[in-house]
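Open the structure in your viewer and keep the sequence beside it. The tour below goes from one selection to the next and says what is there.

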Amino acid sequence: MLVDLYPLRQQLLSGCELTAAQALDLVAVNDLSALLEVAAGLRDQGHGNVVTYSRKVFIPLTHLCRDVCHYCTFARTPKKISQPYMPIADVLELCREGARRGCQEALFTLGEKPELRYRAARRALEDLGFATTLDYVHAVAERVLSETGLLPHINAGCMTAVEIAELRRVSASMGIMLESASPRLSEKGMPHYGSPDKEPARRLATIERAGAAAVPFTSGILIGIGETRRERIESLLALRAVHSRHGHLQEVIVQNFRAKPDTLMACAPEPDLSELLWTIAVARLIFGPDMNIQAPPNLSPGVLPRLVAAGINDWGGVSPLTPDHVNPEAPWPHLERLALETAAAGKFLEQRLTVYPGYVVDGERWLDARLRGPVMRHADASGFARRDAWVPGEECPIPAIDAALIDKSPRGLPVSADLREIVERCVAMQELTEADVTQLFRARGADFSFVVEQADRLRRAVNGDRVSYVVNRNINYTNVCYFKCQFCAFSKGKHSENLRGRPYDITGDDIASRCVEAWERGATEVCMQGGIHPDYTGQTYLDIVQAVRSSAPGLHIHAFSPLEVAQGAHTLGIGIPAFLAELRAAGLNTLPGTAAEILHDDVRAVLCPDKLNTGQWLEIMEAAHSAGLRSTATIMYGHVDQPHHWACHLLHIRALQQRTGGFTEFVPLPYVHMEAPLYLKGGSRRGPTFREAMLMHAVARLVFHGFIDNIQASWVKMGRTGVAACLKAGVNDLGGTLMNESITRAAGSGHGQEWSPEQLEAQIIASGRTPRMRTTLYRDAPIRRRQVAFAAAPLAQISNASAAKHQRSKRVEFSNENLAMCDDIQIVKVQLAPDPGLFERVMLMAACN
């Protein structure tokens, strides 16, 4: 019977799966090239340009097994092994070495319930203090998880619901190969004869129980052991049926039989390549575009690109340390070689965890509570593996893979056509959807290189090769705060005594003296924010502005997050616009766009449930812009968020900018995890990966093209090497010298509290760019300010007054002693423009000096 693949292809691409009858009809398909073309197209629809693998340690916990599969060399009798069970100490040492080599998975492979067959197994378990092999597996996996950080994947054979539930507490995923759903293979003379655990009904029952227990699960088929093509399809349909009920099959393996010496099937013929390719393609058609279809790379050396062409998207676990104990004659390919062969097929090799990305992202459903923290520590925002040690706040080398992709696009790898089209719409300043921006954030391999390259091209067109920075001082006047943001290691309240530092609340005189010192060191801006002190009112914030104006009238006051604005307005009993007008009249110049975190209320419900919601933050910023107060915009990312949350955030900012034009710059702030309460509780990732940090800056450049011209990199979070890379990814500004950065340092960053103008300019010049000292509003800094900044005295040691029972006064008496001499009257005129009367009073005071 001839099968027309075209209507099947259209059916599958539209999201409709094959019926069982349609799947069985594939037995008659002999046009392999046409079949592979359909399968590859489906795979591309679901997985794009990425093929994955897991970096693992293979742990043969016991070679004893009660089954006698006729092709197996893994199972051995007690007389042929030195010890029935691998000791825990040996397992831990192996896993520690694996962790040092970048492994994240501990694959537990063992024979089925050997204690039911061998007295030696029962005695060994008794000596170890365990009743069953699975009890020992549980104990070892628990130690591996807690002491090495590797994530256990357990292949323990057929299990009861109780056994699965117990192992779920100590493993991220489990698996059992169905091999075949045909009972015929268990008949006398067939490969599964004498192996009770290979009865298909028993294995399918275990797979069903795992689904009911919400275990991310692996299964698959073994081809070439005497089954027919029809039986392969029936086996795949049996797996699909279980998966349709539970959604737990994270991967389906198509494994080809390899004949091994000293087995009953040593002389059996192995399936040829065409049979393997046919089966992979059929599996893809039966399971559709989204399923992960895997073929072990060590069993098909020399033809790996052809396996990719057949529709796989995963190579399975590959170990840089241990052999494949099930197929010891077939060594793992070197990872560099695997990447090259994957690239030869037009795909990018990406690392994953033992848990596939979709199950990581939906960890609340699929992972035991004790596993969620360990999995998050290993994961990126899309659920793939963190494949390097880079984190914000530490000076780490740029990961080699990302460095290579930033410098040049990988040869031979195509850029996705739909991604090119999205970038073209960014350049043309056309409308973008959340799905569009999400796709930019998901870019990997050649797509990643293209996004970064196009962002840098736009930066060059808009900003040239000049990189700007501002000489400023950070003043965080208090760390007392009654909000309970889960990411914040800076604020101090009744529930934060275990965090760094003590509660403090400085006086208005402290603010004034620091502003005077900042002016005398060349600053043009003071940036001020603090915790939401329960005693602070709107008058407090007005007093803070007055403290600056009375002491350093030339400084641009960049102060108060939208949360502080809301607090001030509420405590005075007036509306947001009215309070903003009072702040502007008092001398406030611009607002920092902080407290935004992620502008998506699902994320805010976890990070900062008692803070402003997305709508309130946007309303306050729009009111500020309407009042003539421009602002920055920020994003704090890399914790519990995902790419679609970032897309939503950027589109909110873009839409507001289209209405008001009030944002001066966009500042990505990567989450620094080290001292963050949420991370310490196991509730967040370890900040963004380096790839994600690069994309945040690059995608911002693309999305904001024509709307926000300045994209800033935070040196205090990204460090020297990170900043240098950002300058290749669309960034044109490095922010401020800061003088007293404290919030990020409280979270654990080690990049210091100040970068002097000399340091910033050296960094910029080393990147092949031209430095430009600017003002807050991106004008060139006056020459005199530059001269003063480069001749600045060392920063004086500050002392933060301990918080008292009530807030300390922020009022400052206006006098000659606390007035910084201004070297440029025009600066004062600009900064005090909202209140000409104040300008006249300040000039009179200056004249008295």
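Start with M86, which is found in the loop between β1 (50-62) and α4 (88-100). Keep in mind that this is a predicted model. Is M86 buried or exposed? Its relative accessibility is 15%, and because buried means under 20%, M86 counts as buried. Now show what surrounds M86: leaving aside neighbours within four places in sequence, M86 is in contact with I59, P60, L61, V91, L94 and Y136. For a sense of scale, select S195 as well; the C-alpha atoms of M86 and S195 are separated by 24 Å, and the two residues are 109 residues apart along the chain.

Next, select strand β12 (residues 525-529). Of its 5 residues, 5 are buried, so β12 is largely enclosed by the rest of the structure. Look at the side chains: E525, C527 and Q529 point one way, while V526 and M528 point the other way.

Now colour the aromatic residues. The whole structure holds 12 aromatic pairs. One of them is W390 with F690, an edge-to-face pair at 5.2 Å centre to centre with 80° between the planes. W390 lies in the loop between α15 (369-378) and α16 (400-407) and F690 in helix α28 (residues 690-703), so the pair ties together parts that are 300 residues apart in sequence. Both W390 and F690 are buried.

Move on to W715 and W755, a stacked pair at 4.8 Å centre to centre with 10° between the planes. W715 belongs to helix α29 (residues 715-726) and W755 to the loop between α30 (743-746) and α31 (757-766), so this pair ties together parts 40 residues apart in sequence. W715 counts as buried at 2% relative accessibility, and W755 is buried at 3%.

Two selections remain. R444 lies over the face of F384, at 4.0 Å from the ring centre. Finally, select Y477, Y536, Y541 and F560, which form one aromatic cluster.

Terms used:
Residues are numbered from 1 along each chain as its sequence is written. This is a predicted model: local features need pLDDT of at least 70, side-chain atom pairs count only at pLDDT 80 or more; totals for chains, interfaces and linings use all residues. Side-chain values use heavy atoms; hydrogens and water are left out. Buried means under 20% relative accessible area, exposed over 50%, partly exposed in between (1.4 Å probe, protein chains only). Helices (H or I, at least four residues) and strands (E, at least two) are DSSP runs, numbered from the N terminus. Contact means heavy atoms within 4.5 Å. Rings of Phe, Tyr and Trp (its six-membered ring) pair if their centres lie within 6.5 Å; planes under 30 degrees apart count as stacked, over 60 as edge-to-face and the rest as tilted. A charge sits over a ring if NZ of Lys or CZ of Arg is within 6 Å of the ring centre and within 35 degrees of the ring normal.
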